[in-house]
Amino acid sequence: MKNALTTKQMAYCDGKTIDGGISSRELMRRVADAIYGGRQWSGTIYIVCGKGNNGGDGLALACVMIDNGIFPKVFLCSQASQDGRYYQDILMSKGFKDIYPVESCDYDCDIIVDCIFGTGFKGQPNDKYADIIKKINDSGAYKISVDIPSGLDGDSGRYTTCVVADETVTVEYAKTGLYLNDGKDMIGKLSIIDVGIGLFVDGVNVVEDKDVAILFPKRKRNTHKGTFGKSALLGGCGNYLGAVRLANMGLCALRSGGGLNAVIVPQSHRGHMLGTVVESTVLTLPDDNGYFLFDKDMIDEELKGVDALAIGMGMGGRYDENAKIIDYIIRNYPIKVIIDADGLNSLATDVEMLKCAKADIILTPHVKEMSRLSGKSVQDILNEPIQAAKDFAGRYGVTVLLKGASSVITDGREVYLTVNGGAELSKGGSGDTLSGVMLGMLSQGIPTVESAYSASYLTAFAARKLVGEYSEYGVLPSDVAREIRMIIDRQNGKI
């Protein structure tokens, strides 16, 4: 897995590296060398530099360029930092005269290198800088941002005014804001350059192909359906049977590795499910007009032998009755339980029930559902999605999969990001498919956190594969459910 750091963590690692004997000026030079050497430079090049060390990186890049026979124009937004001034003096000692105040910039160039704000920037650019950023965005030039697009929050990925980069070259470790919220839309192509900054903190783990593939070893031939666990999906109501069908569709749970599966629906809808479910067993609980009723004895009957349960998909809005079912199951069954969709809204009526749970629980909220569960505002969660998920998971002893542009998975200790999701998943039913995939992994014994991040990654991976055929607009959750079976190459340990 790759590491992603918060801005404070990055500053700490930077400082420790400098304390270890590598000067800030030397790091600037290394950054400049790595940026220059990693890409083709042609046409007219402008470097726009701010007052901090990000601006110093730009001045060091100009030094490297002229040493290689390339002569950019450098525009200063304000006086350079002390280390930046060091490289400005070197430029002047070489007879380089193309250093101008930013007010004289016409933005008529082929490449603009954005070195205005670094990762420490917070808040909203003032009018002067907002105008500069707007002119950069309107320029038509190819835009390369050093470390982070100027104006983007390095922790949350939120912004008010921000450079929309074609390419972002970030130093040593990705910053969490490059992946969260709007960050993924602002950074363009992301490159991570190695300049020798040490890792002195526990960062966030960014999930990659190999981290998921290792969870699917080649299976022995001498196995049977019971070897890989029994799972159950509990959901559906009169208006939302499609949700539980999607979670079960193409038997997501089986296609992602589980052995046996049951679908538990309201009694009055049993006939509707029988026509669409083939491999799964259809079980029922009592209902009132198509909505579940709590019945302890029937729950005990239908959950016999179940290793993992997903509850909530299409369960409907009778949250108090649903909450009774959830409370009974998680208090009395030491199994793995995914709570999703209407299950989360039901849980929100009494979230303290989690503290009495015997079950090993995964919650899969989007931001609004997380707000209902935690009592935090949507804006507060968007500003600190990692911390919001981590705090909740730690407080209640659960695993949280907070769904978003990049999904945050945490048990309150370790944090994982799946960053491969896209707009093709922004459709009703995608979460139901995700829960089905996750359920199959849980039932065959894959640990809770690993099941959560691998299911998130695989669902996004499958959806992305389908974009070429259907476009981001046209990929349906049912397409993703079918595609899951195609993407795991157990023979070669690859995805």
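Two strands are said to pair here if DSSP finds at least two bridges between them, and strands (E, at least two residues) and helices (H or I, at least four) are DSSP runs numbered from the N terminus. The model is predicted, so local features need pLDDT of at least 70 and side-chain atom pairs count only at pLDDT 80 or more, while totals for chains, interfaces and linings use all residues. Residues are numbered from 1 along each chain as its sequence is written, and side-chain values use heavy atoms, with hydrogens and water left out.

**Figure 1. Strands β12 and β13, side by side.** Let us start with a pair of strands: β12 (residues 260-266) and β13 (residues 281-285) are joined in the parallel sense by five bridges. Within this pair, Val265 stands opposite Thr284 of β13. Four of the five residues of β13 are buried, so the strand is mostly covered; buried means under 20% relative accessible area, exposed over 50%, and partly exposed in between (1.4 Å probe, protein chains only).

**Figure 2. The whole chain, for orientation.** Here we step back to the chain, which has 19 helices and 21 strands. Its C-alpha trace spans about 85 × 45 × 45 Å along the principal axes. Of the 495 residues, 56% are buried.

**Figure 3. An open sheet of seven parallel strands.** The order to follow across the sheet is β4-β3-β2-β5-β6-β7-β9, with parallel pairing. At the edges stand β4 (99-101) and β9 (189-193), each with a single partner strand, so one side of each has no neighbour in the sheet. From one strand to the next, the twist averages 20°; axes are lines fitted to C-alpha atoms, for helices over the stretch in contact, and angles run from 0 to 180 degrees between N-to-C directions.

Figure 4. Strand β3 (residues 73-76) runs parallel to β4, and three bridges join the two. Look for Phe75, whose bridge partner in β4 is Tyr100. Helix α3 (residues 53-67) lies across β2 (45-49), β3, β5 (111-115) and β6 (142-146). The helix runs at about 150° to β2.

**Figure 5. Two loop residues with positive phi.** Tyr107 sits in the loop between β4 and β5. Its phi is near 60°, a positive value in a residue other than glycine. With a relative accessibility of 8%, Tyr107 counts as buried. Asp147, found in the loop between β6 and β7 (167-171), also is not a glycine and has a positive phi of about 75°. The relative accessible area of Asp147 is 11%, so this residue is buried.

**Figure 6. Asn205 and the residues around it.** Which residues does Asn205 touch, not counting those up to four places away in sequence? They are Met1 and Lys2, together with Glu414, Val415, Tyr416 and Leu417. Asn205 itself belongs to strand β10 (residues 204-206). At 14% relative accessibility, Asn205 counts as buried.

Terms used: Contact means heavy atoms within 4.5 Å.
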